Amino acid sequence: MTRGLRKGLTSYGDAGFSLFLRKAFIKAMGYSDDALDRPIVGITNTYSDYNPCHGNAPQLIEAAKRGVMLAGAMPMVFPTISIHESFAHPTSMFLRNLMAMDTEEMIRAQPMDAVIVIGGCDKTLPAQIMAAASVDLPSVVIPVGPMVVGHHKGEVLGACTDCRRLWSAHRAGEIDAAEIEVVNSRLAPSVGTCMVMGTASTMACITEAMGLSLPMSATIPAPHAERVRLAEMSGKRAAELAVSGAPRPSQLMTKSSFRNAQVVMQAIGGSTNGLIHLTAMAKRVGVKIDLDAFDRIGREVPVLVDLKPSGDHYMEHFHHAGGLPKLLRELEGLIDLDAPTVAGGTLRDVAAAAEEVPGQTVIRTVATAIKPVGAMAVLKGNLAPRGALIKHSAATPRLLTHTGRAVVFDSIADMAARIDAPDLDVTADDVLVLRNAGPKGAPGMPEAGYLPIPKKLGRQGVKDMVRISDARMSGTAFGTIVLHMTPESADGGPLALVRTGDLIRLDVPDRSIEMLVDEAELTRRAAELPAVERPEWAQRGYARLYHDSVTQADEGCDFDFMMPVRR
């Protein structure tokens, strides 16, 4: 088997000259022949001044390099693009597929025998795993880890569930401008990803549950020395994989491991975004995520982790309670513990080594679950023939069965312009509807699904309403919110047919979302819709590629040309 610098030689028509030239140039970096003759472990560098989630990436890179060298291999660090949720316009989801392509092509283009991917902020880990799956080179994932918690007036704070809660209080006039600025400086007290069970934490937990990272990698806080030691151990393991050539992602990313990921996603109260990313990751290896099966898992698997937004605690508390290994032990009988891991051995070995922490209440038993069923449910009906998603563990129970009058916003801009208008015709019993906010319509399926409560209702004390859209919402968000309406309105979905005043019925126990309009009227409205044309924003470059190739939420919002034949 070809290894090291001899892999993937540049095409000059003379393999000997290609290797000669490659060595001549890389020696300009000061490498010796001894170093260059060793197996190579590539290490992605996703550090950016725009990405505070990845603020510890340089330290993790150095630790991973140390681990690689201690195990006798050669580390080679290379950059890829870096995506931060709060700094990516129009949304980080728009750029996820670009990062996946960038990472994949850099792994393919450069000689390496194994790769370490380092990331964390929402779309980074799925992009990197999509890339690793497509290349199928032995890979170790190092999440950057969650922030530590913040504090304000004796209250523990966590980005970004408390960002949304306190901002809503500010909009309602309960917190003044001076105090919200103080809060702004305390919500994110360290580098790392959001310390609640948002998308970043969800993806880190899924990654560990699928055996793609070392035990405890999901939960160690970003600033802790233990996170650095984990990076060193990951480097050592990657060096071993560079020699053995296995396990490869295709050997770990199986139907069984994807089911395990779905079980964990339900049990942790995970982000709805996680299902889109898991679907995209699965399709890269030809596995199909069945929404009906995901819903059945949700009926069988309780929420066991007491973390915001479904519970009360934060990621560092999850970690100190035993982390994912302890959760796996509690899920025995609901999960396949014989699935292999990149560390060697199986999840059963990981669960057996879990720490027992006396008195901890963050990771519950099935008998003392936070919620008797999983975090998410799949809804279907004439508004979402291919499915929609609700995180009912973070919803208001009385609203889970509700019929209300639609108040429709045609776009994010329309919502922003009218949501706080004093003359907006809206009551707390209405259903707020946002459309043209999906993968193609927005673009990029932004996290606009957390429609704000109209200011005049917020000032009356309204904390939640039924809200539906073809957008996403942050995993840190809470409320009775139906998302991922598929197909989206901009792609011919029935959400385009809803009019203000229509009655909409949500019935989560029945798993349905319906507009109560007769079929003949819907047919008439559909005939009046204008023809779909390529929008102005999608005329050139990556935007055009994205618009013309992105799939819908039920297919992972990946590009249609990036997926192999299903198996």
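Modeller: The answer below begins with the chain as a whole and then turns to one strand residue and a helix pair.

This is a predicted model, in which local features need pLDDT of at least 70 and side-chain atom pairs count only at pLDDT 80 or more, whereas totals for chains, interfaces and linings use all residues. Residues are numbered from 1 along each chain as its sequence is written, and side-chain values use heavy atoms, with hydrogens and water left out.

The chain has 20 helices and 14 strands; these are DSSP runs numbered from the N terminus, helices being H or I of at least four residues and strands E of at least two. Its radius of gyration is 24 Å, close to the 24 Å that the globule rule gives for 567 residues, so the chain is as compact as a globular protein of that length. That radius is taken over C-alpha atoms, and the rule is 2.2 Å times the number of residues to the power 0.38. Along the principal axes, the C-alpha atoms fill a box of roughly 75 × 60 × 50 Å. Of the 567 residues, 60% count as buried, a term that means under 20% relative accessible area, with exposed set at over 50% and partly exposed in between (1.4 Å probe, protein chains only).

Ser139 counts as buried because its relative accessibility is 7%. A polar atom of its side chain lies 2.6 Å from the backbone oxygen of Leu137. Leaving aside neighbours within four places in sequence, Ser139 is in contact with Val115, Ala132, Leu212, Leu241, Pro249 and Val342, where contact means heavy atoms within 4.5 Å.

Next comes the helix pair. Helix α5 (residues 124–135) packs with helix α8 (residues 199–209) at an angle of about 35°, and their axes are 9 Å apart. The axes are lines fitted to C-alpha atoms, for helices over the stretch in contact, and angles run from 0 to 180 degrees between N-to-C directions. On the α5 side, Leu125, Pro126 and Ile129 take part, meeting Met203, Ala204 and Thr207 in α8. The residues of this contact comprise 5 nonpolar, 1 polar and no charged; Ala, Val, Leu, Ile, Met, Phe, Trp, Tyr, Cys and Pro count as nonpolar, Asp, Glu, Lys and Arg as charged, and the others, Gly among them, as polar.

Key. A polar contact is a pair of N or O atoms within 3.5 Å; within protein, one must be able to donate a hydrogen and the other to accept it, and residues adjacent in sequence count only if both atoms are side-chain atoms.
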